[in-house]
Amino acid sequence: MSQAENPTKPCHNCRRQRLRCDRSYPHCTKCTNAGKDCLGYGKLFRWTGAVASRGKLAGRTSSAPVPAGSAVAATTSLTSFASSGAPPNYPGDVSAASSPESHNSPRTPPPGDGTAPEHLQIVRSRATSVDSELKMPYVLIDPLYQDLGNSHRYYLSYFTNRVCKDLVSQDVPSKNPFRTLLSLTKAHPLLQHIIVAASAAHMSNLMKAPLPSMQENRMIAFNRHNASQRALQDALVAKHKALLLMHDAVQDIDATGGDVALAAALFFVNVELIESGKHGWRAHLEGAGRIMSLLEPSSYFILGSAFMPIKFQTKSYFEASQIPSILNRAAANSYLCCPPAILQILHGASQLSNMQHDAISPGEIEAVGLALLHQARSFDIVAWANDARIVSYLEGIPIESRIHAGSAHRLAACLYILQAVPAVGAAVGPEFSQELIRDIYEHLAGIPDDDPNFKATTWPTFIVGAEATDEQQQKWVMDRLQRLVVNCPWGFLYTAMETLPVIWGLDKEKASRGWIQTLKDPDMNFLLV
């Protein structure tokens, strides 16, 4: 409103309180004298479907209906995403799906259901189930992210509500450390783009994974395929921008912040794992190692070395003695659900498998390998599983499945030692190996698909699958990996399913090397977690 124009109506405050307004511009005298913030005379904009954060109505949703197709208040549903090939609220897409439920207040999530805290959410889903999540619209509740693009808001929301669940063992509201990265995305575009890339790639895999209820509907399958391709395109664009920003960030780590640069580097590894887990992760892991030399190491270095050729082994930027104390800090809620002591044993076995005979005698290699095997077998998994309860928000975790997952990792590490150090396998005999395999199957079978620790069984499933000799065992392993993809749609699982038939096709009678040495072939190498 121009200053030359005299207000023709009272200010919004006086109108609401039914007071006489002197219509002073830009703020009325009555509001100014009362110390109130005058709302002025122009048009007011308000959030519809928003959640009050303070006062008597804290936690309640605005009673105003959410207009369908609004670019401010709602986004399109995942169903529209599948139909149009564009993510919700994508520029130019205002075909928001509406439903009778869209005018109701969002349900308040029960404690511990894995929903992101309100202060970390960008949009709130009105869905109350997995099926309805594919149909319900989303409502914007955080105005701080209004300057972000529509697709970025959607993918960042998807990160908080879906991807974050894959990154921890137990997703507890306000306790998932990965959600705290969201507050840094405004100040650090590098983090914003790499998180968007991870979320879009994850979404692409999720849309690609077949849903049982949609297998017979060709149109839905076609739309989901198009949506998957569009999300993949978004992931590649965001990844490219993140690479450019990462190049600038490493030029001046102090200005960027070591923690921010490290988080971005490790998310580059996550993006590679979500895409396929092939090749590209190695360069990012090397970059993370250089940054980590200033900070602290990660379990990725250990898992990455398990099947890596000697000439491609990532440089060790930290002492082996540092591993236990560092890994113990994050082990309680790690999605790997693998005891740090077992990771350390695995690290020793991978190093031992690459030892040259001119540096250490075969007898010494066998002795060290047997010692590692004894350490793994004697590790107390039950005590480790119960130690997690020391953390207050993990008191209610499913201990039984945690014991099964930890035991499967421990036994898989034993199998790895037998393969990585053939002298140890020859010393204990084939019967011991078969006993390990039977025990791993039992522990894996004890974790149902809907258990939070189900996603933690990828590595032992692959190890026992590599040892599978008959068709029934191989079918069981492939079926489990396919269920893992539906539960946790990361691309490295597809790579694992492609790799196992190659291992099964090896002629074990004539082969001069085991399957671990086959995986160390530069053309084969991939990261499995």
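Author: Buried means under 20% relative accessible area, exposed means over 50%, and partly exposed lies in between (1.4 Å probe, protein chains only). This is a predicted model: local features need pLDDT of at least 70, side-chain atom pairs count only at pLDDT 80 or more, and totals for chains, interfaces and linings use all residues. Residues are numbered from 1 along each chain as its sequence is written, and side-chain values use heavy atoms, with hydrogens and water left out.

Reader: How many disulfides are found in the whole structure?

Author: A disulfide is a pair of cysteine sulfur atoms within 2.5 Å. The search of the whole structure gives a count of 0.

Reader: Is C28 buried or exposed?

Author: The relative accessible area of C28 is 0%. Buried is the class for values under 20%. C28 is therefore buried.

Reader: What is the class of C38 by relative accessibility?

Author: C38 has a relative accessibility of 7%. That value makes C38 count as buried.

Reader: How many salt bridges does the count come to?

Author: Side chains of opposite charge can pair when their charged atoms come close. A salt bridge is a side-chain nitrogen of Lys or Arg within 4 Å of a carboxyl oxygen of Asp or Glu. By this rule, the count is 7.

Reader: Which residue forms a salt bridge with R179?

Author: The closest N and O atoms of the pair are 2.8 Å apart. Both residues are buried. The partner of R179 is D171.

Reader: Which helix holds both D234 and R230?

Author: Their side chains meet in a salt bridge at 3.9 Å, N to O. D234 counts as buried at 10% relative accessibility, while R230 counts as partly exposed at 24%. The two lie 4 residues apart, about one turn of the helix. Helices (H or I, at least four residues) and strands (E, at least two) are DSSP runs numbered from the N terminus, and this one, residues 218–251, is helix α7.

Reader: How many residues apart are E272 and K239?

Author: E272 forms a salt bridge with K239, with the closest N and O atoms 2.8 Å apart. The pair links distant parts of the chain: E272 in helix α9 (residues 258–275) and K239 in helix α7, at a separation of 33 residues.

Reader: Which residues join K239 in one network?

Author: E272 counts as buried at 7% relative accessibility. K239 counts as buried at 13%. Salt bridges that share partners join K239 into one network with E272 and E275.
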